[in-house]
Amino acid sequence: MFDAQLKNTLTLILAGGQGERLYPLTRDRAKPAVPFGGMYRIIDFTLSNCLNSEIRKVYVLTQYKSFSLDRHIILGWSSLFNSPETGRYIHILPPQQRTGQTWYQGTADAIYQNIYTLERERPDYVLILAGDHIYKMNYAEMLRYHVQRKADVTVSCVAVDKSEASQLGVAVVDSENRIHEFQEKPKENPLTLPNDPDSCFASMGIYVFTTEALVRRVSGDARKDSAHDLGRNIIPEMVRENARVYAYPFKDENRKEVAYWRDVGTIDGYYEANMDLTEVTPLFNLYDESWPVRTYHEQFPPAKFVFSEPLGDDQPVRRGQALDSIVSPGAIISGGTVEHSVLSPQVRINSYCYVKDCILMEGVSIGRRAQVQKAIIDKGVRIPEGAMIGYDAEADRARFTVTGDGVVVVPKGMPFA
Amino acid sequence: MAKLLVVDDDKNLRLLYEQELGDEGHEVALASSGREALELLKNSRPDLIILDISMPGMDGIEALGKILAKDKTMPVILNTAYSTYKDNFMTWSADAYVVKSGDLTELKAKIRDVLKTRGLPT
């Protein structure tokens with residue numbers, strides 16, 4: 001019986017945000033397409049959750065700078081989802097401008113502009129996901145929870161430290177987890193959990209709607225002066241009007257002590273989440289075969305490490321090595337040293353150079369004797385011989401973006417004199 | 001009294017509406033298709049639109065989307081011979097849905113309701 005409900009659920013992944021706080025990584029790509037963990041793109045985590053939850057019908061709503069995202073989904077995910085005979089598919093849905101000439105004004109407007117799709121599909125339930133979070137979650141369990149409670153909308157929530165509340169939507173629930181109050185991005189005094197005054201129950205931007213409730217709400221919202229946002233407008237309105245709004249306590253399939261859910265909305269957050277993967281036991285587990293994280297890459301030769309001069313006393317030795325690091329296929333560590341870094345496919349590390357605490361994206365090459373630390377080097381950048389990055393904050397600031405935590409970002413296409 | 005725009009492809013019905021709603025004290029403009037209505041709206045702003053759905057060319061559902069995209073506050077009553085469109089999600093952004101009948105009592109009542117909700121003179 002529950003299987004029929006899953007079949008009658010349509011999933012919309014909102015992948016149209018600009019990701020401005022991740023600039024310059026989002027200069028040429030949508031946030032869900034930003035590379036993560038060497039081999040992945042951010043949207044892979046949500047799409048893997050969909051596959052692992054047996055979600056069947058997926059639309060990815062794209063908007064800005066969608067080319068690399070479209071390409072990634074078509075090459076990597078179409079074959080995993082699409083099976084017309086069994087009613088499974090993934091489709092990319094750019095704004096159709098069926099109603100107006102504007103792009104999506106907000107998440108509620110993104111749904112409103114695609115009501116035609118809901119009318120054509122007539123699902124019983126709509127699962128709405130963000131395409132830009134890192135976490136593991138079984139959406140089928142949330143759907144079951146929603147159906148059992150006959151909710152109009154169910155909001156997935158996670159306990160977070162009070163200090164993070166100003167960036168999130170905060171829910172106040174009763175013992176049945178029904179939401180009685182909802183604060184969107186409270187500047188001060190966020191409402192805390194009854195049993196834990198230091199934590200808030202924060203919305204993860206993941207919703208299950210009963211379709212009719214969703215359509216009614218977004219159709220009404222489209223007629224109003226509003227930010228046309230699900231979290232800011234629709235959910236608070238539904239709570240105010242006593243609709244059946246429930247919180248679903250996030251059940252983490254990552255199976256660690258602390259629940260893992262990251263918005264990676266800022267460069268510093270993104271950097272930390274990547275660096276975590278190089279730990280001996282990372283918070284986020286990529287190795288759990290019961291919850292595989294998939295991605296797409298063309299095939300590359302195995303990673304290679306060459307030159308093995310014995311360690312000397314004073315002069316630099318030619319030794320190709322990577323320690324406490326993730327190294328992707330196609331990488332060649334040729335006579336240089338990498339420590340505590342995340343390397344994407346086809347990275348080239350040349351002799352006598354030293355790379356520490358870095359994220360090197362696909363095709364990056366580090367020239368001989370160059371020294372780079374605490375930096376994110378975007379796709380295809382060639383760091384010239386002898387360059388120094390991450391050692392002189394002033395010089396770095398003059399050329400690159402440097403974050404509050406001191407992470408240097410060298411963007412795509414950066415020429416070096 | 002209010003300024004109404006009646007959009008319907010049936011000429012006799014347009015004349016009936018013009019007469020009956022005119023008798024209620026309203027000023028009634030007429031359009032015979034969704035496209036003609038959109039043309040009229042370029043130069044005038046009625047207080048309320050009464051919109052048929054099944055029309056040749058641009059139907060009422062498509063016209064509704066375009067009307068609201070231009071002016072999301074424009075009050076629109078869908079007025080159709082069919083009740084089936086009522087389930088169509090695309091009609092849910094209208095202010096009201098009235099099934100056509102020889103007797104215009106329900107339509108007139110809805111016009112009053114919508115104008116009142118909007119704070120317009122009935």
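This tour moves through selections in chains A and B, one stop at a time.

The model is predicted, so local features need pLDDT of at least 70 and side-chain atom pairs count only at pLDDT 80 or more, while totals for chains, interfaces and linings use all residues. Residues are numbered from 1 along each chain as its sequence is written, chains are lettered from A and ligands numbered from 1 in the order written, and side-chain values use heavy atoms, leaving out hydrogens and water.

**Stop 1: a helix pair in chain A**

Select residues 43-52 and 67-76 of chain A, which are helix 2 and helix 3. Helices (H or I, at least four residues) and strands (E, at least two) are DSSP runs, numbered from the N terminus. The two axes come within 12 Å and cross at roughly 35 degrees. Axes here are lines fitted to C-alpha atoms, for helices over the stretch in contact, with angles from 0 to 180 degrees between N-to-C directions. Helix 2 of chain A passes helix 3 of chain A in a right-handed crossing. In that term, the near helix is turned clockwise from the far one by less than a right angle.

Now show side chains. A:Ile43, A:Asp44 and A:Leu47 of helix 2 meet A:Leu69, A:His72 and A:Ile73 of helix 3. Contact means heavy atoms within 4.5 Å. The residues of this contact divide into four nonpolar, one polar and one charged. Ala, Val, Leu, Ile, Met, Phe, Trp, Tyr, Cys and Pro count as nonpolar, Asp, Glu, Lys and Arg as charged, and the others, Gly among them, as polar.

**Stop 2: helix 4 of chain B**

Switch to chain B and select residues 105-117, helix 4. The helix has 13 residues and reaches 18 Å from its first C-alpha to its last, close to the 18 Å expected at 1.5 Å a residue. The expected span is 1.5 Å times one less than the number of residues.

Color B:Leu107, B:Lys108, B:Ile111, B:Val114 and B:Leu115; these are the buried residues of helix 4 of chain B. Look down the axis: the buried residues fall within an arc of 130 degrees, so they line one face of the helix. The arc is that of the directions from the helix axis to the C-beta atoms. Buried means under 20% relative accessible area, exposed over 50%, partly exposed in between (1.4 Å probe, protein chains only).

The face turned away from the buried side carries exposed B:Lys116 and B:Thr117. What covers the buried residues of helix 4 of chain B includes strand 1 (3-7), helix 1 (11-23) and strand 3 (48-51) of chain B. After the helix comes B:Gly119, with a positive phi near 70 degrees.

**Stop 3: helix 10 of chain A**

Return to chain A and select residues 267-276, helix 10. Eight of its 10 residues are buried. Among them are A:Tyr270, A:Tyr271 and A:Met275. The cover over the buried residues of helix 10 of chain A includes strand 2 (35-36) and strand 29 (408-410) of chain A.

**Stop 4: three single residues**

Pick A:Ser226, in the loop between helix 8 (211-221) and helix 9 (230-240) of chain A. A:Ser226 is partly exposed, at 24% relative accessibility. Not counting residues up to four places away in sequence, A:Ser226 touches A:Asp221 and A:Asn233.

Next, take A:Arg232 in helix 9 of chain A. A:Arg232 is partly exposed, at 47% relative accessibility. From A:Arg232 to A:Phe182, 50 residues apart in sequence, C-alpha to C-alpha is 9.1 Å.

Finish at A:Val402, in strand 28 (residues 401-402) of chain A. Not counting residues up to four places away in sequence, A:Val402 touches A:Asp396, A:Arg397, A:Val407 and A:Val408.
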